Amino acid sequence: MAELQEVQITEEKPLLPGQTPEVAKTHSVETPYGSVTFTVYGTPKPKRPAILTYHDVGLNYKTCFQPLFQFGDMQEIIQNFVRVHVDAPGMEEGAPVFPVGYQYPSLDQLADTIPCILQYLNFSTIIGVGVGAGAYILSRYALTGLTSSIAEMILGHLFSQEELSGNSELIQKYRNIITHAPNLENIELYWNSYNNRRDLNFERGGDITLKCPVMLVVGDQAPHEDAVVECNSKLDPTQTSFLKMADSGGQPQLTQPGKLTEAFKYFLQGMGYMASSCMTRLSRSRTASLTSAASIDGNRSRSRTLSQSSESGTLSSGPPGHTMEVSC
Ligand code: BEZ
């Protein structure tokens, strides 16, 4: 019986006449989890992602990927991409042995170092190639938001996709502020803490809910609108004023300061902190109805939903059947 035999053919990277080998450049970047070394082959190609590799345990980028990336047929692929080969900390050639007791980063933390590498290189998109532990790290990175960089991830947290693609002056301004922040490393630490936050575990009627007056505001086109609506559903309705702001994205305090100011005045007034003389003229003319409605309701006996209508440019406040309008 004929036997099928596997024959391994290793083809060296053929250099065409006159072709010079690509220069590799090794860099190290400081990350919140220590220094990470990576080697870049080729030059960035406009409008093309970089290929970023992450090796498995017991290997480094060369022992893991050299046979593949130097394989003959691979050349026509990789010549179209810049390649970034990451070495996990302490795995790079010539790495010193870590001191006894050194706390090696978790795979999640290693995934969190990838944005630092991309930011350092100013690369916005990648094609990830990972083996074993490296595949886990790249998957973890992709799960936590495969966007161009920490700055882009943060922008995606602050603003809706519609706002970002509209690229208004405000978006340009905030993209510039964040991308060029001299303390971006610190911002990243805050971002990491935010992403590792615990659930507040609010429960309406349960022991864990806010007992103080709350004004909850969200833009109707905010990236986290659903989360804020859900939060409202878990708060005590007698203590909570919920304002969903029409025509507003992720940062109503930036885009709708006037409407927010007016809502805030009502909130403070509800707590007895604002004399009606401080209210704007138009607000003042409507304040009486809000105040009387609050007292009709037994002063916070029910939740108040403030909804702002885009057509009339008015704020309406109060429980169903007790709608108050205030001008913005
Ligand atoms: C590359 O061309 O990307 C490459 C070369 C040597 C080792 C690994 C990758």
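1. In this predicted model, eight bridges join strand 1 (residues 24–31) to strand 2 (residues 34–41), and the two strands run antiparallel. Strands here are DSSP runs of E with at least two residues, helices are runs of H or I with at least four residues, and both are numbered from the N terminus; two strands are taken to pair if DSSP finds at least two bridges between them. A hairpin connects strand 1 to strand 2 through two residues, and threonine 31 has glycine 34, in strand 2, as its bridge partner.

2. On the basis of the numbering and thresholds, residues are counted from 1 along each chain as its sequence is written, and side-chain values use heavy atoms, with hydrogens and water left out. As the model is predicted, local features need pLDDT of at least 70 and side-chain atom pairs count only at pLDDT 80 or more, whereas totals for chains, interfaces and linings use all residues.

3. The open sheet is formed by five strands in the order 1-2-4-3-5, with mixed pairing. Strand 1 and strand 5 (126–130) stand at the edges with a single partner strand each, so one side of each is left without a neighbour in the sheet. On average, and with direction ignored, neighbouring strands of this sheet are turned by 25° against each other. Within the sheet order 1-2-4-3-5, strand 3 (residues 50–54) and strand 4 (residues 83–87) pair in the parallel sense over four bridges, and threonine 53 has histidine 85, in strand 4, as its bridge partner.

4. Turning to helix packing, axes are lines fitted to C-alpha atoms, for helices over the stretch in contact, and angles run from 0 to 180 degrees between N-to-C directions. Helix 5 and helix 7 (residues 169–179) pack at an angle of about 140°, their axes being 9 Å apart, which makes helix 5 oblique to helix 7; angles under 35 degrees count as roughly parallel, over 145 as roughly antiparallel, 65 to 115 as roughly perpendicular and the rest as oblique. Helix 5 passes helix 7 in a right-handed crossing, where a crossing is left-handed if the near helix is turned anticlockwise from the far one by less than a right angle, and right-handed if clockwise.

5. The axes of helix 5 and helix 8 (residues 184–195) come within 11 Å and cross at roughly 50°, so that helix 5 is oblique to helix 8, and the crossing of helix 5 and helix 8 is left-handed.

6. The largest pocket has a volume of about 880 Å³. Of the 29 residues that line it, Tyr194, His224, Ala227, Val228 and Cys231 are the closest to its centre. On a 1 Å grid over the protein atoms alone, a pocket is an open set of points where a 1.4 Å probe fits, with protein on both sides within 12 Å along at least five of seven lines, and lining residues have an atom within 4 Å of a point. Strand 6 gives the most to this lining, with six residues.

Notes
Grid points are joined across faces, edges and corners, and a volume is the space filled by probe spheres set on the points.
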